[in-house]
Amino acid sequence: MKHIEPKETTSLAPLLCQRCGGLMRLIGSEPHPTEAKTDLLTYSCTACEDFLVLPISIPATNA
Ligand SMILES: [Zn+2]
């Protein structure tokens, strides 16, 4: 499991668990299997350990 630096997620608002309302913690990311310039972020609830996979668009340029 990769370690995610906090700076990579500063543009994202904190996610809340849809099951229990607990804070979702980012636990991993991977390239989208079919969509270019898209990552899949995996979150885990800190309270009930429910999982959420969230696709995000990657900016074309990262200057
Ligand atoms: Zn939860």
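Which residue forms a salt bridge with Arg19? Asp50 does, the closest N and O atoms being 3.4 Å apart.

## About the model

This is a predicted model, in which local features need pLDDT of at least 70 and side-chain atom pairs count only at pLDDT 80 or more, while totals for chains, interfaces and linings use all residues. Residues are numbered from 1 along each chain as its sequence is written, and side-chain values use heavy atoms, with hydrogens and water left out.

## The sheet

Let's start with the strands (DSSP runs of E, at least two residues, numbered from the N terminus). Four of them form an open antiparallel sheet, ordered S1-S2-S3-S4; strands pair if DSSP finds at least two bridges between them. S1 (15-16) and S4 (51-57) each have a single partner strand, so one side of each lacks a neighbour in the sheet.

S1 pairs with S2 (residues 23-31) over two bridges, and Leu16 has Leu23 as its bridge partner in S2.

## The zinc site

Cys17, Cys20, Cys45 and Cys48 each give an SG donor to the zinc ion, at 2.3 to 2.4 Å (donors are N, O and S atoms within 2.8 Å of the metal, or 3.2 Å for Na, K and Ca). The site is tetrahedral, with angles of 101 to 116° (four donors, all angles between 85 and 135 degrees). Cys17 lies in the loop between S1 and S2 and Cys45 in S3 (residues 38-45), so the pair ties together parts 28 residues apart in sequence. Both Cys17 and Cys45 are buried (under 20% relative accessible area, 1.4 Å probe, protein chains only).

## The salt bridge

Back to the opening pair: the structure holds one salt bridge (a side-chain nitrogen of Lys or Arg within 4 Å of a carboxyl oxygen of Asp or Glu). Asp50 sits in the loop between S3 and S4 and Arg19 in the loop between S1 and S2, 31 residues apart. Arg19 is exposed, with a relative accessible area of 61% (exposed means over 50%).

Note on methods: Helices (H or I, at least four residues) and strands (E, at least two) are DSSP runs, numbered from the N terminus. Four donors count as tetrahedral if all angles lie between 85 and 135 degrees; four count as square planar and six as octahedral if opposite donors are over 155 degrees apart and all others between 65 and 115; anything else is irregular.
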